[in-house]
Amino acid sequence: MTGRPAAPAEGARLLGGLGAPLLLVLTGTGLLHTTVRSDVYLRYVKEGLWPYLVASGALLSVLGFAGLAAELVRRLREPEADDADEGGDHGPGHRDDDDEHGHDHGHDYGHGHDHGHSHGGVTQVAWLLAVPALALMFVAPPALGAYTASRGGAVSGGAGQSVYGGLGDAPTTPLSLEEFIGRSVHAPKTLDGREVRLMGFVSAGKAPGTWYLNRLKLSCCAADARTLHVEVHGAKAPAPDTWVEVTGVLRAGRVSVENPVPAMEAGALEPVAPPRNPYLDAPPTDG
């Protein structure tokens with residue numbers, strides 16, 4: 001009994017030549033979608049990497065479409081296998097050796113099965129690379145938040161800075177979390193009795209009635225995120241990951257470089273929309 005390789009294996013073989021360029025197109029499109037059409041990339045990397053991401057997305061897309069075009073042209077030009085088979089003329093005198101013919105069919109079937117299996121396996125594994133690209137376009141993960149902040153050690157703000165200028169005469173001074181922490185560590189007298197306004201997202205505190213105002217800073221990407229903490233007292237904790245502006249004063253007490261987590265006595269709290277760039281630790285603005 002004779003047979004042909006299974007249809008899925010044949011389909012995988014036919015798709016194999018298109019798989020690589022399709023993956024390039026998907027990856028390039030995903031990068032362009034998160035950089036040109038939206039600001040989603042800011043959830044994962046620094047803003048300064050934007051030109052490199054756009055260039056990479058464009059290059060991958062061009063290479064992918066070029067590969068698709070070359071593969072389609074190649075398939076249009078190659079002779080049909082069925083035409084080649086029909087060209088063979090077996091005359092009346094043609095005689096097949098049944099045993100040898102059957103053995104050859106068995107050998108060819110095995111070879112075809114192995115060939116199809118190999119290409120199918122590689123193609124199936126390679127298509128897993130499309131998952132991240134599709135996820136970025138349709139179900140992009142959110143930026144890091146309270147979960148990461150509650151598990152990351154605090155870092156000292158204003159590292160290496162020991163001289164801070166005055167805060168002016170305004171009744172309330174907007175500060176970045178990094179500057180507020182840096183002043184509390186290196187120059188706490190500049191904050192004595194000064195009302196400041198900070199912005200960040202909320203995470204649960206260690207003691208009852210306390211919570212943390214946080215920002216995450218990147219050196220390159222989300223994998224190297226560092227946490228800036230300010231412990232807040234005197235205001236009910238909003239839900240974790242809520243972005244808020246908090247107005248208050250620095251609580252008395254020494255803040256060490258080893259544990260740079262100043263405490264703040266809150267006088268007012270206002271929920272705000274998440275910033276465009278969640279990792280840019282900038283002072284809050286009136287806008």
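**Close-up views of the predicted model**

**View 1. Helix α7, a largely enclosed element.** In α7, the buried residues are L177, F180, I181, G182, R183, S184 and V185. The model shown here and in every other view is predicted. Buried residues make up 7 of the 10 in α7, so the helix is largely enclosed by the rest of the structure. What lies over them includes strands β2, β3, β4 and β5. Beyond its neighbours within four places in sequence, F180 is in contact with L175, L191, V196, L198, V230, L250 and P262.

**View 2. The largest nonpolar core.** This core has 22 residues. Those touching the most other members are F180, L198, W211, L213, V230 and V246. At least two residues each come from α7 (177-186), β2 (195-204), β3 (211-217), β4, β5 (243-250) and β6 (263-271). Helix α7 gives the most, with 4 residues. A second, separate core has 7 residues, including F201, L216, W243 and Y279. In soluble globular proteins, nonpolar side chains tend to be buried together.

**View 3. Strand β3, covered on both faces.** Which residues line each face of β3? W211, L213, R215 and K217 lie on one side, and Y212, N214 and L216 lie on the other. Every one of these residues is buried. The count is 7 of 7, so β3 is largely enclosed by the rest of the structure. L213 is among the residues that touch the most other members of the largest core, while L216 is part of the second one.

**View 4. β3 and its two pairing partners.** Strands β2 and β3 run antiparallel and are joined by 4 bridges. A204 has W211 of β3 as its bridge partner. The hairpin of β2 and β3 has 6 residues between the strands. There, G209 takes a positive phi near 80 degrees. β3 also pairs with β4: these strands are antiparallel too, with 7 bridges between them. On this side, K217 stands opposite R226 in β4.

**View 5. H233 in strand β4.** H233 belongs to β4, which covers residues 226-233. Is H233 buried or exposed? Its relative accessibility is 14%, under the 20% cut-off, so H233 counts as buried. The side chain of H233 makes a polar contact of 2.8 Å with the side chain of E231. Leaving aside neighbours within four places in sequence, H233 is in contact with T210, R251, A263, M264, E265 and A266.

**View 6. Helix α2 from end to end.** This helix runs over residues 50-77, 28 residues in total. At 1.5 Å a residue it should span 40 Å, and its end C-alpha atoms are 41 Å apart, so the two values agree. Buried residues in α2 are L53, V54, G57, S61, G64, L68 and E71. An α-helix has 3.6 residues a turn, so residues three or four places apart point the same way.

**View 7. Confidence along the chain.** Mean pLDDT for the chain is 78, with 74% of residues at 70 or more. Over residues 96-122, pLDDT stays under 50. For that stretch the model has 8 contacts beyond four places in sequence.

Conventions
Residues are numbered from 1 along each chain as its sequence is written. Side-chain values use heavy atoms; hydrogens and water are left out. Buried means under 20% relative accessible area, exposed over 50%, partly exposed in between (1.4 Å probe, protein chains only). A polar contact is a pair of N or O atoms within 3.5 Å; within protein, one must be able to donate a hydrogen and the other to accept it, and residues adjacent in sequence count only if both atoms are side-chain atoms. Contact means heavy atoms within 4.5 Å. A nonpolar core is a set of buried Ala, Val, Leu, Ile, Met, Phe, Trp, Tyr and Cys residues joined through side-chain atoms within 4.5 Å. Two strands pair if DSSP finds at least two bridges between them. The expected span of a helix is 1.5 Å times one less than its number of residues. pLDDT is the predictor's confidence in each residue, from 0 to 100.
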